[in-house]
Amino acid sequence: MTEAAIGREVAAPPKLNPPERLLMGPGPSNPDPRVLAAMTANPVGHLDPYFVELMDQTMGALRGVFGTQNHHTLPISATGSAGLETIMLNLLEPGDSAVVGVIGYFGERLAEMARRAGADVRTVEVGPGEIIDPAQVAAKLEERPAKLVAFVHVETTTGACQPIAPMVEVARRYGALVAMDCVTSLGGLPIDIDALGVDAAGSCSQKCIGAPPGLAPITIGPRAMAAVQARKRKPSTWYFDLALLFQYWGETSGTRKRAFHHTAPIAAIYGFYEALRLILDEGLEARWARHQAAHEALVRGLDRLGLSLQPPAPNRCATINVVKVPPGVDDARVRQRLLDMGVEMGGGLGALAGKVWRVGVMGYNAQISRVERFLDALEKALRAERHG
């Protein structure tokens, strides 16, 4: 370092001042103000006795939201993608066989994660807005058994909702484990992991659960954990190794003393805990009904504006609504007009880029008043584009 460089001053960047947005895209959604307030609470250490107790309480609340008694239920300290990768890298090892249902981009991503775990991956694929006939999965398993069947419950890119029970039934019939991506459904749609027989499931913090991005809630059932413990070699990942993670988060037979694994994001856990507390305080069935009512209000409003949804009616769900862009309307210009009004709406991905808008009705935003605000802004944007 030269003398001239020593002591050289660098100007500080501007003070943080993010705009206020109504986040009605595919996620993140706006957190409840109480969640944001919880994140400003006094920090403690990640091995502090208070935080260790909070870890236990968070795991317990998360079990309630998942509908499970699985001990191995925790928020991974990373975004939702990391939770799904944790599942795939722990359940699969080189030489294993997996069948993955692909109803959009996120199904493709599950398949890629399985390949990177070293598995022989076979896919069952359908077009945008469609769902998989479980008989297609059965045909794959009839040809050759698989260790794992994985699928996406709600495909964020197409708005299609894959029924869970029939997929589980087929997998169990052929002796396969079942892993599910419920990123866009946990906390907003009916899910009961134990009753359904799902062996592993992963979600995110920022959609229906209603916390900011940064945590990946997962649950791993007894059959799946038995498979993890029977591995021939350690997982190729250190950070996402379930054996190491639960030395920190705690095993059922463990002591109060926890082994250091990583420095947990304390403020993020505070917010996540509060979000779970609010879900359970509201009641799961009441929350699911609120999401459905907000979705129905949105659909009525879209119909009034002459807009329709991409998926066939039987395949739709409340949480993510994929809307066809009308002929002659510029997708990006409408979204920019909305953003200028402080409202976010998502565009299409992959084959649907420029053809659809993605409207999330999730968590705190699953309120009719917030849906009406969105619809009012969308109507103004469309009029400005001389539509309607």
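## Y174 and its loop

Let's start with Y174, which sits in the loop between α6 (164-173) and β6 (177-181). Helices and strands here are DSSP runs, numbered from the N terminus: H or I over at least four residues makes a helix, and E over at least two makes a strand. This is a predicted model, so local features need pLDDT of at least 70 and side-chain atom pairs count only at pLDDT 80 or more, while totals for chains, interfaces and linings use all residues. Residues are numbered from 1 along each chain as its sequence is written, and side-chain values use heavy atoms, with hydrogens and water left out.

(Buried means under 20% relative accessible area, exposed means over 50%, and partly exposed is in between, using a 1.4 Å probe and protein chains only.) Leaving out residues up to four places away in sequence, Y174 touches A138, L141 and E142; a contact means heavy atoms within 4.5 Å. Y174 and A146 are 28 residues apart in sequence, with their C-alpha atoms 8.0 Å apart in space.

## A three-stranded sheet

Now for a sheet. 3 strands make an open one, in the order β9-β12-β11, with antiparallel pairing. β9 and β11 (346-347) are the edge strands, each pairing on one side only. Two strands count as paired if DSSP finds at least two bridges between them. In general, strands of a sheet pair through backbone hydrogen bonds, either parallel or antiparallel.

How many bridges link β9 and β12? There are 5 of them, joining β9 to β12 (residues 356-360) in the antiparallel sense. V323 stands opposite W357 in β12, and the bridge partner of I320 is G360 in that strand. Strand β9 (residues 320-324) is mostly covered, with 4 of its 5 residues buried.

## Two prolines

P326 lies in the loop between β9 and α12 (331-340). P326 counts as buried because its relative accessibility is 10%. Setting aside residues up to four places away in sequence, P326 touches L307, W357 and H387. W357 is also the residue opposite V323. P326 and E143 are 183 residues apart along the chain, and 43 Å separates their C-alpha atoms.

P28 is found in the loop between β1 (22-23) and α1 (33-38). The peptide bond leading from G27 to P28 is cis, with omega near 5°. For background, most peptide bonds are trans.

## R287 in a helix

R287 belongs to helix α11 (residues 284-304). With a relative accessible area of 6%, R287 is buried. Again skipping residues up to four places away in sequence, R287 touches G187, C208, I209, I279, E282 and G363.

## The whole protein

Time to zoom out: the secondary structure comes to 13 helices and 12 strands. The radius of gyration is 22 Å, close to the 21 Å that the globule rule gives for 388 residues, so the protein is as compact as a globular protein of that length. (That radius is taken over C-alpha atoms, and the rule is 2.2 Å times the number of residues to the power 0.38.) The C-alpha atoms fill a box of roughly 70 × 65 × 50 Å along the principal axes.

Of the 388 residues, 55% count as buried. Among contacts between residues at least 6 apart in sequence, 73% join residues at least 24 apart.
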